[in-house]
Amino acid sequence: LDEGQGIGEMLVLGIQNCWPVGIRVDPDLGEPASIVKVTKDALDEALERFSEEKAVFGAIRSSNFPPPADGILSNTWELFKGLKDKTLQDMDSCAVDRLFFPGEKLLEQGESC
């Protein structure tokens, strides 16, 4: 993750109910790292004071719940059809569901994935 980025938005919004990834910090980078856990309950409590934002987050939850079928093991996308089961299982084991918001970059040329 780059500075200011986060992960786990589907968890905190209540779209998923388990943490799908691990986080590792490389101490050799020489940069300080902060990890902050915000639970769904804490977000809901904070949003009680901000009705406009609560409506925005509520709309995001509603439009993304239940989560769409993954497209790898179930409802396999055309792009992946024909791949061996083992390949699909390996891809699924490292896939992370993410929500992307308007204006947020998915990938940038020259950036490693």
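Which residues make the nonpolar surface patch of about 330 Å²? Phe-100, Leu-106 and Leu-107 make this patch. The model is predicted: local features need pLDDT of at least 70 and side-chain atom pairs pLDDT 80 or more, whereas totals for chains, interfaces and linings use all residues. Residues are numbered from 1 along each chain as its sequence is written, and side-chain values use heavy atoms, without hydrogens and water.

Patch residues have over 30% relative accessible area and no salt bridge, with nonpolar side chains joined within 5 Å and like charges within 9 Å. Phe-100, in the segment after helix H4 (85-94), is partly exposed at 41% relative accessible area (buried is under 20%, exposed over 50%, partly exposed in between; 1.4 Å probe). Helices are DSSP runs (H or I) of at least four residues.

The structure holds 5 salt bridges, each a Lys or Arg side-chain nitrogen within 4 Å of an Asp or Glu carboxyl oxygen. Among them are these:

| Pair | N to O distance |
|---|---|
| Arg-61 and Asp-44 | 2.5 Å |
| Glu-78 and Lys-81 | 3.0 Å |
| Asp-90 and Lys-86 | 2.9 Å |

Because Arg-61 lies in helix H3 and Asp-44 in helix H2, their pair ties together parts that are 17 residues apart in sequence. Asp-90 and Lys-86, 4 residues apart in helix H4, are separated by about one helical turn. Salt bridges that share partners join Lys-40, Asp-44 and Arg-61 into one network.

Technical notes:
Areas by Shrake-Rupley, 256 points an atom, 1.4 Å probe, with all protein chains shown as cover. Helix = DSSP H or I, 4+ residues; strand = E, 2+ residues; numbered from the N terminus.
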